[in-house]
Amino acid sequence: MIGLSWNRTLAVFIKEFQQMLRDRLTFAMAIGIPVIQLILFGYAINTDPRGLPTALVSADASPMARSIVATLQNTGYFRIAHVGTSEAEAERLLETGDVQFLVVIPPRFGQRIVRGEKPALLLAADATDPSAAGPALAALQGAAAQALRRDLQGPLMRLQAQGLPYDVVVHRRYNPEGLSRYNIVPGLVGTILTMTMVMLTSLAITRERERGTMENLLATPVRPAEVMAGKILPYVVMGYVQLAVILGAAWLLFRVPMTGSIPLLLAMIGVFIVANLGVGFTFSTLAHNQLQAMQMTFFFFLPSMLLSGFMFPFRGMPEWAQAIGELLPLTHFLRIVRGIMLKGTGFAELWGELWPLLAFMVVASAVALKRYRQTLD
């Protein structure tokens with residue numbers, strides 16, 4: 001038996017290391033992905049979101065009403081982003097996701113407290129994501145008990161002995177029981193489609209080029225746009241098959257409600273699928289082999305999953321992370337699918353999330369087509 005030669009081992013080591021350095025994309029991914037994970041998990045991820053936008057509708061200008069509003073803001077969880085006089089307008093903001101909470105202070109609130117009538121303070125929360133609303137609602141109980149300590153002095157001291165001098169009525173909208181599956185399962189529609197559509201498209205075209213069958217296709221009179229459309233359409237069909245499986249499981253196994261329009265959801269998902277297929281097609285023109293295509297897919301999928309609001313509350317992230325998240329199609333699609341399924345949101349309310357998705361789809365498709373033309377040349 002020939003003994004181990006360290007010289008031969010060193011020669012193979014040098015050869016493999018040089019080969020690894022020549023594959024610049026793989027080397028960059030090996031360094032870049034851990035750096036991205038470190039930055040995202042270290043700085044962007046926050047499971048205790050604060051400064052959540054809150055709409056205030058107050059029909060009372062008494063010092064007690066102002067004390068309650070100030071106490072809510074001092075908790076750090078509630079940030080008054082909208083002050084209005086119409087409860088219907090504030091409800092619309094809650095439905096579209098522009099605010100996380102709605103605080104309604106009724107007329108003669110302070111006067112009724114002095115009379116000992118215990119008026120009701122309404123706090124409505126968008127509970128589609130329990131992890132976003134939960135800490136704030138937990139902090140609300142302690143804040144409510146301390147809000148009027150300075151106001152109930154002197155003759156009003158007797159009201160403190162009777163417990164909380166007003167009732168706090170909390171409405172968890174769209175997910176009253178606070179079930180996490182109501183948030184996770186609709187989000188899985190976008191997450192699974194992102195991973196599979198980008199990966200399958202990039203691998204299929206790269207594999208065809210590796211096997212040499214792409215040359216046979218190029219010898220035909222088929223134009224680049226026709227090749228791109230012909231290769232994308234089968235995966236659009238596959239995306240709808242995946243959608244049927246996920247939604248079937250959502251209804252049958254997890255009892256996730258479907259309060260909105262199914263045709264509207266199908267149309268929105270079509271835009272999202274094409275946008276991701278455009279990304280996968282672009283990756284296939286950049287990758288030299290299937291390994292690189294897989295690496296690019298993971299490089300795109302990781303930020304999408306972490307910065308879209310699927311795993312962690314979107315508003316809990318710093319502003320720079322939210323800005324990156326707004327560029328990702330999954331961020332807007334999650335708001336669309338959760339809005340349709342849980343809130344029954346219509347097309348007019350969803351337009352603010354649809355147009356960034358359409359813009360991304362157009363840009364991704366244009367880049368993919370341009371890159372494909374350059375590949376042919």
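Me: What makes Ile68, Thr71, Leu72, Leu121, Leu140, Ala143, Ala144, Ala147, Tyr166 and Val168 the lining of the largest cavity?

Reply: In this predicted model these ten positions line the largest cavity, because a lining residue has an atom within 4 Å of a cavity point, where a cavity is a set of points on a 1 Å grid over the protein atoms alone at which a 1.4 Å probe fits but cannot get out. Helix H3 (63-74) and helix H6 (130-146) each give two or more residues to this lining, helices being DSSP runs of H or I with at least four residues. The model is predicted, with local features needing pLDDT of at least 70 and side-chain atom pairs pLDDT 80 or more, while totals for chains, interfaces and linings use all residues. Numbering runs from 1 along each chain as its sequence is written, and side-chain values use heavy atoms, without hydrogens and water.

Me: What volume lies in the largest cavity?

Reply: About 50 Å³ lies in the largest cavity, a volume being the space filled by probe spheres set on the points, which are joined across faces, edges and corners; the structure holds one cavity of 30 Å³ or more.

Notes:
On a 1 Å grid over the protein atoms alone, a cavity is a set of points where a 1.4 Å probe fits but cannot get out, and a pocket is an open set with protein on both sides within 12 Å along at least five of seven lines; lining residues have an atom within 4 Å of a point.
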